[in-house]
Amino acid sequence: MTQMKNKTTDSPPTPRLQGRSSPSPPPRGLHSTLDSPTTTKEFLTFLNQMDKATMMDEEECGRAGSLEFVLQVRHLESAPDTHKESLMKQIGEKYFRQPGEGLVLDNNELWTRCADSCSE
């Protein structure tokens, strides 16, 4: 019995891979994904890969572009008032330049209202 005990306690630890970090724990939803900069970046990379795999047109916004829009709007909400106007214009130029290009919304009236708000 003592031999068995010695074998289990004397075994060397298993070697760890150095330089490799373990992947982020799986998020529980979009809210928790966007709460962490690490998981947001991983999710954005994943969406970029999906967009490339679908071989979408250059002027299309895609899944990654839609997430970037959400992130820019979140940044806009927390930005000081002195920067909000320039951020709105940047969002308008990127996502609401022409109907059918940039951000795709199911509601055309909403797209038009967003474009108008960004150009004011």
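Helix axes here are lines fitted to C-alpha atoms over the stretch in contact, and angles run from 0 to 180 degrees between N-to-C directions. The model is predicted.

**View 1. Helices α4 and α5 pack against each other**. Helix α4 covers residues 62-78, and helix α5 covers residues 81-95. Their axes lie 10 Å apart, at an angle of about 170°. Angles over 145 degrees count as roughly antiparallel, so α4 is roughly antiparallel to α5.

**View 2. Residues at the contact of α4 with α5**. From α4 come Gly65, Glu68, Phe69, Gln72, Val73, His75, Leu76 and Glu77. They meet Lys84, Leu87, Met88, Ile91, Lys94 and Tyr95 in α5. By class, the contact has seven nonpolar, three polar and four charged residues.

**View 3. Helix α4 and its buried residues**. Helix α4 has 17 residues. From first C-alpha to last, α4 reaches 25 Å, close to the 24 Å expected at 1.5 Å a residue. Ala64, Gly65, Leu67, Phe69 and Leu76 are buried in this helix. Their cover includes α2 (30-35), α3 (37-53) and α5.

**View 4. The aromatic pair of Phe69 and Tyr95**. Four aromatic pairs are found in a search of the whole structure. In this one, the rings sit 5.2 Å centre to centre, with 70° between the planes. The pair is edge-to-face. Phe69 belongs to helix α4 and Tyr95 to helix α5, 26 residues apart, so the pair links distant parts of the chain. Buried means under 20% relative accessible area. Phe69, at 17%, therefore counts as buried. Tyr95 is buried too, with a relative accessible area of 1%.

**View 5. The aromatic pair of Phe96 and Trp111**. The ring centres of Phe96 and Trp111 are 5.4 Å apart, and their planes stand at 65°. Planes over 60 degrees apart count as edge-to-face, so this pair is edge-to-face. The pair links distant parts of the chain, 15 residues apart. Phe96 is in the loop between α5 and α6 (108-119), whereas Trp111 is in helix α6. Phe96 is buried, with a relative accessible area of 7%. Trp111 is buried, at 8%.

**View 6. One aromatic cluster**. Phe69, Tyr95, Phe96 and Trp111 together form this cluster. Phe69 pairs with Tyr95, and Phe96 pairs with Trp111.

Key. Residues numbered from 1 in each chain as written. Predicted model: local features only at pLDDT ≥ 70, side-chain atom pairs only at ≥ 80, totals over all residues. Heavy atoms only, no water. Helix = DSSP H or I, 4+ residues; strand = E, 2+ residues; numbered from the N terminus. Parallel < 35°, antiparallel > 145°, perpendicular 65-115°, else oblique. Contact = heavy atoms within 4.5 Å. Nonpolar A, V, L, I, M, F, W, Y, C, P; charged D, E, K, R; others polar. Phe/Tyr/Trp six-rings, centres within 6.5 Å; stacked < 30°, edge-to-face > 60°. Buried < 20%, exposed > 50% of the residue type's maximum accessible area, 1.4 Å probe, protein only. Expected span 1.5 Å × (residues − 1).
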